[in-house]
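Hi everyone, thanks for coming. Let me put the structure up on the screen, and then I'll talk you through a few parts of it.

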Amino acid sequence: MSISMSIAGLLARARLLNRDLAPGEPLAETVIRPLAALPEAAAEPEPYATENGSPTDRLWELARDATRLRAQPGATEGLIEATAALQHLACLFAEDADALAARIAELADIQADLETRIDGALDGPYLVTNATKITNWLGEPIQTFPQMALCRCGQSATKPLCDGSHARHGFSGAKDPDRVPDRQDTHEGVQVTVLDNRGICAHSGLCTDRLSTVFRQGEEPFVAPSGGRSDEIIRAVRACPSGALHYAIDGLKGPDPVREPKIEVSKDGPYRISGGIPLDGDDSREHYSLCRCGHSRNKPFCSGMHYYVGFVDPPLSDEPTLFEWAGGLPALTRMTHIFYDKYVPQDDLLAPLFARMSPDHPERVAAWLAETFGGPKLYTEQYGGYDHMIAEHAGKSLTEQWRARWAQLIGRAADDAGLPTDPEFRAAFAGYIEWGSRIAVENSQPGATPPPHMPVPQWWWVCEARPGSRVSALSPAADQTQIRLPAPDEPVRFTDHIRPLFREMDRKSMSFAFDLWSHSDVTEHADAILDRLRGGKMPCDGAWPAEHIDLFARWIAEGTPS
Ligand code: HEM
């Protein structure tokens with residue numbers, strides 16, 4: 001079977017299948033389009049025997065055959081893109097978790113000889129081959145398939161997977177000729193020299209947040225190595241996700257971290273690659289950040305444009321957990337690393353206590369916090385759960401002095417790591433730190449008998465004070481200043497007094513049901529609206545002041561005049 005014949009065959013089968021798979025045409029954009037664009041697609045398709053099976057069985061067979069072709073040397077981008085979509089779709093139709101695992105294992109087996117790598121398709125997605133670890137911005141694993149196509153244009157409705165949007169939107173993978181030049185600048189310090197390539201900086205802000213005296217936002221030169229200790233500089237450089245920063249001592253470039261291959265889909269930002277996954281065949285980078293919004297000036301690398309074009313992932317759920325609000329495992333790990341790598345070693349009180357801690361202690365404490373704050377059960381599943389944590393504190397005779405310093409410095413690390421600073425989050429966070437650290441002291445006393453085999457505690461917003469549960473005094477006041485209350489003897493009118501009570505965001509969020517700026521709609525639903533206003537359920541970001549609710553009730557009582 002020649003490749004060209006087989007691509008024509010795959011295309012013919014995909015076209016037939018597309019008709020039979022309900023609903024819509026699920027293969028049109030992601031399978032048929034890339035295959036049809038290949039020159040081999042014009043060949044006469046070979047006859048194929050099993051067109052009569054069920055559509056889902058045929059889909060699975062097509063995915064396997066595409067994978068076999070893809071695994072041959074010389075597979076083209078179009079074939080790889082189509083294979084990725086077929087693998088994903090076929091696995092979606094697996095009956096249960098066991099069947100899914102079996103399908104993925106079979107596909108992985110077919111393409112086992114291919115190296116793990118990422119390739120940027122021409123004006124198309126990132127083709128990710130044999131990567132087994134992809135996490136979302138919370139640090140939670142995403143289901144991987146042996147062949148994947150990740151969105152690169154920023155428009156896919158199935159992010160991070162490609163849905164073919166790049167072709168519809170005419171995405172271009174070209175670099176901007178006016179981009180910051182790809183050039184390494186050398187900033188010599190007394191002990192450590194910082195090497196900086198502004199051209200590939202993704203502007204994640206991890207260095208400026210961590211060590212603003214060395215990495216100086218808005219100043220020239222950006223790097224001032226004399227502003228910090230060498231260990232601080234090295235730690236900040238190592239935290240750089242884009243690979244823009246490196247360091248050298250005595251002319252020798254510092255080693256890259258040794259990590260397992262991993263792709264992180266960062267929040268509202270780039271893909272962060274670590275562990276040396278080759279990009280377009282180049283394996284010289286241990287880590288780099290790839291554009292995910294489609295607007296980078298230095299494609300495929302991120303140049304920070306996501307921030308300027310307002311690229312955002314779908315909002316958190318209405319009721320985010322503390323874990324989600326904190327920024328997930330990456331944010332908590334960033335914080336514990338800053339705490340144990342920076343603050344603890346330089347603190348006279350705490351340094352001796354943690355001198356012999358295990359090297360992965362920051363990851364362990366981050367996993368505990370993640371689980372406590374409503375995230376995945378990482379500490380229970382990977383580190384021994386509650387009983388192990390209790391055993392770690394047992395017999396340490398921790399003092400109040402130690403505890404107070406611990407609590408003080410972890411708060412500072414939370415600031416440095418960029419954890420949210422809103423009153424609701426910090427109240428809950430500080431509440432847990434106080435609670436947990438005092439229990440740690442109790443449990444560590446001689447003869448203490450903490451209850452055994454308990455679950456990891458679950459912490460929540462304090463007194464249900466959640467993000468958006470009140471209107472901030474710092475939020476734009478425009479909406480509020482337009483509201484004019486009528487005098488007691490003045491008739492209440494919809495246009496003058498009621499409509500201005502509803503903000504544009506209220507109107508948008510109710511537009512699925514009716515129009516809050518329409519007199520007839522609000523009249524029709526007046527009683528239901530009043531009920532919700534009185535119950536504090538509307539608007540969803542904070543209750544109206546009583547005088548506005550009274551005004552609305554008065555308007556109803558006066559017969560809802562226009
Ligand atoms: C909310 C407060 C706290 C939390 C969530 C916490 C969390 C943890 C966890 C999860 C471990 C076990 C790590 C592992 O799996 O090996 C641990 C160990 C330990 N904790 Fe805490 N802790 C807290 C407060 C404190 C305080 C206040 C101190 C003392 C100032 C302290 C000192 C220690 C020490 C010395 C260890 C053993 C470290 C080692 O040698 O590996 N902890 N903590």
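This is a predicted model: local features need pLDDT of at least 70, side-chain atom pairs count only at pLDDT 80 or more; totals for chains, interfaces and linings use all residues.

Residues are numbered from 1 along each chain as its sequence is written.

Helices here (H or I, at least four residues) and strands (E, at least two) are DSSP runs, numbered from the N terminus. Two packed helices are described by the angle between their axes and the distance between the axes. Axes are lines fitted to C-alpha atoms, for helices over the stretch in contact, and angles run from 0 to 180 degrees between N-to-C directions.

So, pair one: helix α2, residues 28-36, packs with helix α4, residues 77-92, at about 160 degrees, their axes 8 Å apart. That makes α2 and α4 roughly antiparallel, a label for angles over 145 degrees. On α2, the residues making the contact are T30, V31, P34 and L35, and on α4 they are G78, L79, E81, A82, A85 and L86. In contact means C-beta atoms, placed from the backbone, within 7 Å. By class, that contact has 7 nonpolar, 2 polar and 1 charged residues. Nonpolar covers Ala, Val, Leu, Ile, Met, Phe, Trp, Tyr, Cys and Pro, charged is Asp, Glu, Lys and Arg, and the others, Gly among them, are polar.

Now pair two. The axes of α22 (526-534) and α23 (546-557) come within 10 Å and cross at roughly 160 degrees, so α22 and α23 are roughly antiparallel too. A526, L530, L533 and R534 of α22 meet I549, F552, A553 and I556 of α23. The class count there is 7 nonpolar, no polar and 1 charged.

Next, where does H519 lie? H519 is in helix α21, residues 519-524. H519 counts as partly exposed because 16 other C-beta atoms lie within 10 Å; 20 or more would be buried, 12 or fewer exposed, again with C-beta atoms placed from the backbone. Neighbours within four places in sequence aside, H519 contacts F494 and S562.

Residues 133-172 are 12% helix and 15% strand, with end C-alpha atoms 28 Å apart. For 274-312, it's 10% helix and 10% strand, and 23 Å between the end C-alpha atoms.

How values were computed. Angles under 35 degrees count as roughly parallel, over 145 as roughly antiparallel, 65 to 115 as roughly perpendicular and the rest as oblique. Two residues are in contact if their C-beta atoms, placed from the backbone, lie within 7 Å.
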